[in-house]
Amino acid sequence: MDKEALLIAIEDKYKKLGVPLETMLEGLLHSTPITYWDYIQTDALLGLQIPRTTEKDEMVFIMYHQVNELLFKMVLWEIDQISLSEEAITAEKFSKHLMRISRYFDMLCSSFTVMQDGMDVEQYLKFRNTLAPASGFQSAQYRKIEFASTELINLIDVRYRDSIDRASSLKNAYDHLYWQAAGVNHKTGKKSILIKLFEKKYMGDFIDFMEDYNDCNLSKKFQELPKEVQNNEDLINAMRHYDYTVNIKWVMAHYNAASKYLGGGDKDLAATGGSSWRKYMHPKYQRRIFFPYLWSQEELKNWGVF
């Protein structure tokens, strides 16, 4: 595009916004050049790490989890390119965004070695007690990734899936989500402070989010595609890859990292939130599966079994 055509296009753009071209150009005349540190907000980003102890490896722990949250935000951004798209979704577009999401989770899986091999056990066991009752369980973005990926019935505690009414209220579904079990004292039936604080902060937001994605989660969007698109082999492989990566590969990477720091067998330490982390985390117990219709009966039967 030549200079004259470019100016005409710019003038047309700002005319539609009600901004005279002269005003916009004068603003550019007085503006300062953009810098990397201003664009990325480097100073603000690097000022967000605030340790609670003098243990040096706590900084690793904080930064690692902040990187996780940034990647979770990227995942949600990609999901919305499918779920909230107003254009017709092709197999190529669906697969493209799913594979982007899977690559983010591949990064998350491999990055566990940063924490698993990058912190001294002795230091971790000292600073972890200052974190109670906080827990990675309380990652709201991760919960939203689950809500945006599959129908709610697939996130219900496996003990209730056959009996819960699929047409029941969102609040009832919320009360029976698989991760609720990790926040309840099984002897008293009372909710822990972990879950109480989590619900106080996010429950209303979660129920609104569940409603928003009830009819446009990835599973629903896939099942609304024309049959010939649903049968696209590349798309099916992308769906299965995403499901396996999130619900087995990522979960087991987290599980193995926890095993190093929280012991093994009868010597297991409780998670900072107080949950029975092995049964909460291991995929063979809760059987979290986003797209069960894309797996064989044998694969479903052996989900998470190694």
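Which residues does Tyr 242 touch, not counting residues up to four places away in sequence? In this predicted model, local features need pLDDT of at least 70 and side-chain atom pairs count only at pLDDT 80 or more, while totals for chains, interfaces and linings use all residues. Residues are numbered from 1 along each chain as its sequence is written, and side-chain values use heavy atoms, with hydrogens and water left out.

Tyr 242 touches Ile 79, Leu 98, Ile 101, Ser 102, Phe 105, Ile 145, Ser 149, Leu 218, Phe 290 and Phe 291. Contact here means heavy atoms within 4.5 Å. Tyr 242 also belongs to the largest nonpolar core, which has 74 residues. Such a core is a set of buried Ala, Val, Leu, Ile, Met, Phe, Trp, Tyr and Cys residues joined through side-chain atoms within 4.5 Å. Buried means under 20% relative accessible area, exposed over 50%, and partly exposed in between (1.4 Å probe, protein chains only). Phe 94, Phe 105, Trp 179 and Tyr 242 touch the most other members of the core. Helix 13 gives the most to this core, with 13 residues. Helices are DSSP runs of H or I, at least four residues long, numbered from the N terminus.

Aromatic pairs were counted next. Rings of Phe, Tyr and Trp (its six-membered ring) pair if their centres lie within 6.5 Å; planes under 30 degrees apart count as stacked, over 60 as edge-to-face and the rest as tilted. The count comes to 28 aromatic pairs. Phe 72 and Trp 250 form an edge-to-face pair, 6.0 Å centre to centre with 85° between the planes. Phe 72 lies in helix 5 (residues 58-83) and Trp 250 in helix 13 (residues 233-262), so the pair ties together parts 178 residues apart in sequence. Both Phe 72 and Trp 250 are buried.

The pair of Tyr 202 and Phe 206 is stacked, because the ring centres are 5.6 Å apart and the planes are at 20°. These residues are 4 apart in helix 10 (residues 193-213), so about one helical turn separates them. Tyr 202 is partly exposed, at 24% relative accessible area. Phe 206 is buried, at 0%.

Charges over rings were also found. The criterion is NZ of Lys or CZ of Arg within 6 Å of the ring centre and within 35 degrees of the ring normal. The charged end of Lys 201 sits over the ring of Tyr 202, 5.8 Å from its centre. Arg 143 lies over the face of Phe 137, at 5.2 Å from the ring centre.

Key. Helix = DSSP H or I, 4+ residues; strand = E, 2+ residues; numbered from the N terminus.
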